[in-house]
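Here is a short briefing to read with the model open beside you. Keep the viewer handy as you go through the points.

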Amino acid sequence: MRTLRKTVRWGFAALLPLELVLVLWAAGGVRIPAAARSAVELAVLVLMITATVLLALDHRRHRRDGLDHRSAFAAALAGTVPAAVRKLTAHELFLSTSFLRWVTRRGPHGVRDGDLPVPYAPGQAAVTYGFLFVCIVETVGLAYLIPWPAVHAVTLLLDIWGCYFVIALHASCVVRPHVITPDGSLRLRYGALLDIRIPADRIASVRLDRQFPSGKLAAANKNSVADMAVAGQTTITVELTEPVHYIRALGKPAEARTFRFYADDPAPAVAALRGALGGRNLRRRVGGP
């Protein structure tokens, strides 16, 4: 069973790039042999049937262990589908919904009455639109430089998808700001890639602190510091009483005790977090809950 599960996980990991290649070939006018197409379709069918059986067996096992239907399904899915595939699939879905929310001006996602949204997207707007302009120029330039229709069709699809990805990523950052709740809990996000929840009772201190880190997004260093930089800088540092566990962009688990993140207007965010922190400290001194 373990070997079968490992085979299914590797199959899912190879499925997405394989489907992308086939779509690009078909769009570019490349004739795919019938035998190869049938073999791919059969492999996908076998993979899906096997994955469904494994999911059903794992779901039943988790239900016997006492989990409800939703938790049991999530646990079964985590045991069958690789984390990177789950994360990439969810990211594409969230990108699309964020783009639609941005276009229809429905307002920020996950912000309730009384919450304080903390925007960060304006800090990268100039870089994003500059990169989008470069993508458009590249698309037009390749249309004139490439004489072969098949190659031109493939590159055109890739360029159009690249332009959409840049716009959708920026849209997801606009509609998914950081959030501070009335009790002082902090939700740090970067578009649809990251969503880190920090309970109010774990926040020890907060301060204005402009830094220019060079590490990867939300990767904790040896000092347990995670940076969520925008345009190469952070403006707020939050130190915790104990580490917080979270999932990075491609599904890799991590933990950090200090978070440095960017806010377009950091002063109100720092004031809100300090106000909630001061209220909790006062209640502790007077013996309140």
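Predicted model: local features only at pLDDT ≥ 70, side-chain atom pairs only at ≥ 80, totals over all residues.

Residues are numbered from 1 along each chain as its sequence is written, and side-chain values use heavy atoms, with hydrogens and water left out.

**The antiparallel sheet**

- Four strands make an open sheet in the order β1-β2-β3-β4, with antiparallel pairing; strands are DSSP runs of E of at least two residues, helices are runs of H or I of at least four, and both are numbered from the N terminus.
- Two strands are called paired if DSSP finds at least two bridges between them.
- At the edges stand β1 and β4 (194–198), each with a single partner strand, so one side of each has no neighbour in the sheet.
- From one strand to the next, the twist averages 15 degrees; the axes are lines fitted to C-alpha atoms, for helices over the stretch in contact, and angles run from 0 to 180 degrees between N-to-C directions.
- Five bridges join β3 (residues 186–190) to β4 in the antiparallel sense, and Leu186 has Ile198 in β4 as its bridge partner.

- β5 and β7 (residues 234–247) run antiparallel and are joined by six bridges; Ser205 has Glu239 in β7 as its bridge partner.

**Salt bridges**

- Side chains of opposite charge can pair when their charged atoms come close.
- Counting a salt bridge as a side-chain nitrogen of Lys or Arg within 4 Å of a carboxyl oxygen of Asp or Glu, the total comes to five.
- One of them pairs Arg202 with Glu242, with the closest N and O atoms 3.9 Å apart.
- Arg202 sits in the loop between β4 and β5 and Glu242 in strand β7, so this pair ties together parts that are 40 residues apart in sequence.
- Arg202 is partly exposed, with a relative accessible area of 25%, and Glu242 is partly exposed at 40%; buried means under 20%, exposed over 50%, and partly exposed in between (1.4 Å probe, protein chains only).
- Arg260 and Asp227 meet in a salt bridge of 2.6 Å, N to O, linking strand β8 (residues 253–261) with strand β6 across 33 residues.
- Both Arg260 and Asp227 are buried.
- Asp209 and Arg207 form a salt bridge with their closest N and O atoms 3.9 Å apart; Asp209 is buried at 16% relative accessible area, whereas Arg207 is partly exposed at 32%.
- Salt bridges that share partners join Arg207, Asp209 and Glu239 into one network.

**Asp115**

- Asp115 lies in the loop between α4 (83–103) and β1 (116–118).
- Asp115 is buried yet has no salt bridge, and the nearest side chain of opposite charge, Arg112, is 5.4 Å away.
- The side chain of Asp115 does reach the backbone nitrogen of Arg112 at 2.9 Å.
- Leaving aside neighbours within four places in sequence, Asp115 is in contact (heavy atoms within 4.5 Å) with Gly110, Val179, Ile180, Thr181 and Pro182.

Technical notes
Lys, Arg positive; Asp, Glu negative; His and termini not counted. Polar contact = N/O pair within 3.5 Å; in protein donor to acceptor, adjacent residues only side chain to side chain.
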